[in-house]
Amino acid sequence: MNGCADHCPEGFLSRLRDEFLVSWDDARTIVGNFHEEMRRGLAGQPSSLRMLPTFAGRPRGTEQGRLLILDLGGTNVRIGEAVLDGKGRAELTSVDRSVLPREIMSASGTELFDFLADRVDHFLGGRGLDDRWCRDLAFTFSFPVEQSSLVSGRLVNWTKGFTGPGVAGEDVAALLRAALARRGRERIRVAALVNDTVGTLAAGSYADPACDLGVILGTGTNACYFERTDRIEKCRDGVAAGEMIVNMEWGNFNRLRTNPWDELLDRTTSNAGRQRLEKMISGMYLGELARLVIGKMMAVGLLPQGTNHAALATPYALTAERLAAAVRSTDPAGAVGIEGAAPVDGAAVGQICRLVAARAARLAGAAIAAVISWRDEDLETGHVVAIDGSLFEKFPGFQENMREMLRELFGPRAAGIQFQLIPDGSGIGAAVVAAMGARTGWGAGSC
Ligand code: GLC
């Protein structure tokens with residue numbers, strides 16, 4: 001540790017490197033802690049991993065159909081039609097994408113679901129499909145849901161900055177059905193309620209049976225995998241043998257070494273104390289972590305204020321996109337809004353952005369290693385991880401840092417793990433889940 005920590009840039013940055021380090025030891029500890037929390041979550045004991053049963057099984061690849069999809073993620077809403085050809089190929093046609101208005105994130109449940117029903121109505125109306133038109137709708141709802149069947153489930157709590165009243169504790173499929181009915185669209189049947197990770201895994205494994213883990217690395221982060229039903233102790237009595245997808249809600253994992261920046265960020269969030277891993281990994285928070293560090297360096301005179309200081313003065317003003325731009329840029333300071341900085345200051349900003357992002361990617365790598373080794377301790381088979389999300393897809397160096405973490409943990413056997421980008425998987429896979437339908441023997445309310 002450099003003695004001048006707060007007084008010279010080198011000292012500050014050297015301390016920052018320690019604070020954002022995920023060492024081999026840290027990663028091993030994370031894997032062990034993950035396994036403990038998974039075991040507890042599956043047994044229905046208190047755990048930071050909720051391990052939510054989804055009532056969705058493993059696709060066969062032969063599912064067929066044409067389904068409407070409604071996909072509510074963190075920042076976007078997508079509506080479209082998914083066509084499954086029964087031979088492992090799926091396509092999303094005529095997609096209507098819109099950015100979710102910010103005020104909807106804090107609006108009441110009725111307003112949120114009316115907004116969604118309006119979008120569906122608009123989509124159908126635009127295609128001349130009147131209210132007699134009926135079709136199955138697969139609803140992707142990317143938040144923690146305690147499901148009681150494939151088509152019903154209660155929101156446990158909001159994540160990703162949503163705060164709207166009147167939804168937590170409610171059956172979100174029922175809220176959607178009611179809103180569709182208010183728009184005269186009662187003939188649309190909610191055929192599956194699916195988390196985005198579950199959709200991504202279902203889409204991945206529909207096309208490739210070797211795919212056994214679904215991961216989202218976007219605004220939020222989470223994962224799901226196929227679990228043997230006899231290991232889901234909390235539903236042992238009510239569920240027939242086989243495999244069920246378990247939504248881990250890993251964003252809430254909290255047995256981690258956090259640093260003062262993590263604590264600072266967490267304190268100001270609407271869900272303080274929760275989603276601790278998500279706040280270290282996902283796109284919603286990465287820019288904010290970097291902004292807090294840069295702001296501190298400015299405050300103690302280790303970075304110039306620049307001519308456009310306001311760009312950094314607002315919480316969450318520094319987005320993951322701008323962080324990515326800074327990592328790519330020859331002028332990282334300019335990319336985050338500090339204009340006219342000297343090259344040495346630009347280099348410091350670049351380093352901060354890279355440190356924050358590299359830690360995120362290494363944590364994601366360690367979490368993936370934990371889930372794979374839970375099912376296959378000695379990595380005896382190959383594994384394909386279905387992944388979607390802008391961090392994975394677009395952030396420079398992110399995938400490489402994840403892979404490096406897997407290599408450190410598994411050595412040469414890491415080569416048997418493949419990452420597969422599944423664009424639009426959350427929607428397409430929800431249609432796959434809906435087409436699979438409810439399995440007999442997985443009764444409502446049995447978990
Ligand atoms: C948040 C949600 C989770 C979702 C993830 C990715 O962590 O709680 O359900 O899968 O974001 O969108």
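The model is predicted, so local features are reported only where pLDDT is at least 70 and side-chain atom pairs only at pLDDT 80 or more, while totals for chains, interfaces and linings use all residues. Residues are numbered from 1 along each chain as its sequence is written, and side-chain values use heavy atoms, with hydrogens and water left out.

A residue is near a molecule if one of its heavy atoms lies within 4 Å of it. There are 15 residues around the ligand, and Lys 160, Asn 195, Asp 196, Glu 249 and Glu 278 come nearest. By residue type, this shell divides into 3 nonpolar, 8 polar and 4 charged residues. In this division, Ala, Val, Leu, Ile, Met, Phe, Trp, Tyr, Cys and Pro count as nonpolar, Asp, Glu, Lys and Arg as charged, and the others, Gly among them, as polar. Helix H5 (196-207) and strand S10 (221-228) each supply at least two residues of the shell. Helices (H or I, at least four residues) and strands (E, at least two) are DSSP runs, numbered from the N terminus.

An N or O atom in the side chain of Glu 278 is 2.4 Å from an oxygen atom of the ligand. For Asn 195, a polar side-chain atom lies 2.8 Å from a ligand oxygen, and for Phe 143 a backbone N or O atom lies 3.3 Å from one. Of the 310 Å² of accessible area that the ligand has on its own, the protein covers 98%; such areas come from the Shrake-Rupley method with a 1.4 Å probe.

Next comes the chain around residue 142. Ser 142 is found in the loop between strand S5 (136-141) and S6. Ser 142 counts as buried because its relative accessibility is 4%, where buried means under 20% relative accessible area, exposed over 50% and partly exposed in between (1.4 Å probe, protein chains only). Strand S6 (residues 145-149) runs antiparallel to strand S7 (residues 152-155), to which 4 bridges join it; two strands pair if DSSP finds at least two bridges between them. Gln 147 has Gly 153 in S7 as its bridge partner.

Finally, the structure holds 0 disulfides, a disulfide being a pair of cysteine sulfur atoms within 2.5 Å. The sulfur of Cys 224 is 8.9 Å from the closest cysteine sulfur, in Cys 211, and is therefore too far for a bond.

Technical notes. A polar contact is a pair of N or O atoms within 3.5 Å; within protein, one must be able to donate a hydrogen and the other to accept it, and residues adjacent in sequence count only if both atoms are side-chain atoms.
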